[in-house]
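Thanks for making time this morning.

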Amino acid sequence: MMKIKVIKTLIFLCFCSIGVGQADKYKFRRPIKDVTTGWQKITLPADIYAKVSFDLSDLRIYGFRDHDSIEVPYFLDISEDRLVTVEIDFRIINQSNNSNGHYFTFELEEVKKINNIQLSFGQQNFDWQVKLEGSQDQKEWYTLVENYRIMSISNDITNFKFDEINFPEAAFRYFRISIKSNVKPDLLHANIFSKVNSPGKFSDVPIRKIQFHEDKANKKTVIDINLTTPSQISRLQFDIQNDFDYYRPITIQYLADSIPNANGTKYQYFTLTSGMLNSLEKSSFNFERKTVKELKIIVDNHDNP
């Protein structure tokens, strides 16, 4: 499923007149209906991006009255995710272990709501189950998450880490992490955050055709996506049905140019973003918005099933 940033236009009806011929010089037009006085809000239709410049600098709005036209001022508001991150001061007051696992206790300097703990370990390869608890007095503990998986894979073909704990907002003086492991986790440092996300508004972009190709020689899956119309996109979201663990390097490209030559047509692709498609995180990739018509997704399978 593709996501496109919704761009809203706020229109203020003014009263300065210009010649009608000024509006006639534009090749593409469409009516704006149900306009009233004062500020108006318009969501630009997806198919308009094929007709305008990337920065929308050639977009104009005109109002008509008798034989005169009125150019209408506007500004663009791009609706996008806004994440506010505040780091919280704390200190580690205890590291211990017993037959149930290894424990790390954090004390916040001031009780505040938190929802994210980022960890860094000396081990390069691990796969651990984590339990996170909170307490005001270190006597009564409340479970926030359990059986939460963190892991790290580092070898010749893969370098992947998922070593942060996300959980619903909680306000405690003390937080305790317990890790089930046969070896002692070498905790290098930790960071605690309060993250507040204001999600933007996105719309689905219609897809005309999807083609899958297995490049067995290079151990890659190639997915070609053709959109119904050129559209500005900034997020690609995958709906993956597999219930087993997977970790795949992924590259998302767009068709920038096609050049005819003696051997046919040479297609030039540029990269929008790259990352790791995996079963531990949401399969969603954000990137700088771009007007595109065709996409190519390359997934490196290596020798994984």
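In this predicted model, the largest nonpolar core is made of 32 residues, and those with the most contacts inside it are Phe 106, Ile 117, Leu 119, Ile 165 and Ile 177. If you follow the chain, the elements that give two or more residues to this core are strands E10 (101-108), E11 (114-121), E12 (126-135), E13 (142-154), E14 (159-162), E15 (164-170), E16 (174-180) and E17 (187-198). The largest share, five residues, is contributed by E13.

Is Asn 147 buried or exposed? Its relative accessible area is 54%, and because the cut-off for exposed is over 50%, Asn 147 counts as exposed.

A second residue of this kind is Lys 219, a residue other than glycine whose phi is also positive, near 60°. Lys 219 is placed in the loop between strand E19 (207-215) and strand E20 (220-237), and with a relative accessibility of 37% it counts as partly exposed.

Finally, let us turn to charge on the surface, where Glu 87, Asp 89, Glu 109 and Glu 110 gather in a negative patch. One of these, Asp 89, lies in the loop that runs between strand E8 (82-88) and strand E9 (90-98).

Note on methods
Residues are numbered from 1 along each chain as its sequence is written. This is a predicted model: local features need pLDDT of at least 70, side-chain atom pairs count only at pLDDT 80 or more; totals for chains, interfaces and linings use all residues. Side-chain values use heavy atoms; hydrogens and water are left out. Patches are made of residues with over 30% relative accessible area and no salt bridge: like charges are joined within 9 Å, nonpolar side chains (Val, Leu, Ile, Met, Phe, Trp, Tyr) within 5 Å. Accessible areas come from the Shrake-Rupley method with a 1.4 Å probe; for residues, only the protein chains shown count as cover. A salt bridge is a side-chain nitrogen of Lys or Arg within 4 Å of a carboxyl oxygen of Asp or Glu. Lys and Arg count as positive and Asp and Glu as negative; His and the chain ends are not counted. The place of a charge is taken as NZ of Lys, CZ of Arg, CG of Asp or CD of Glu. Helices (H or I, at least four residues) and strands (E, at least two) are DSSP runs, numbered from the N terminus. A nonpolar core is a set of buried Ala, Val, Leu, Ile, Met, Phe, Trp, Tyr and Cys residues joined through side-chain atoms within 4.5 Å. Buried means under 20% relative accessible area, exposed over 50%, partly exposed in between (1.4 Å probe, protein chains only).
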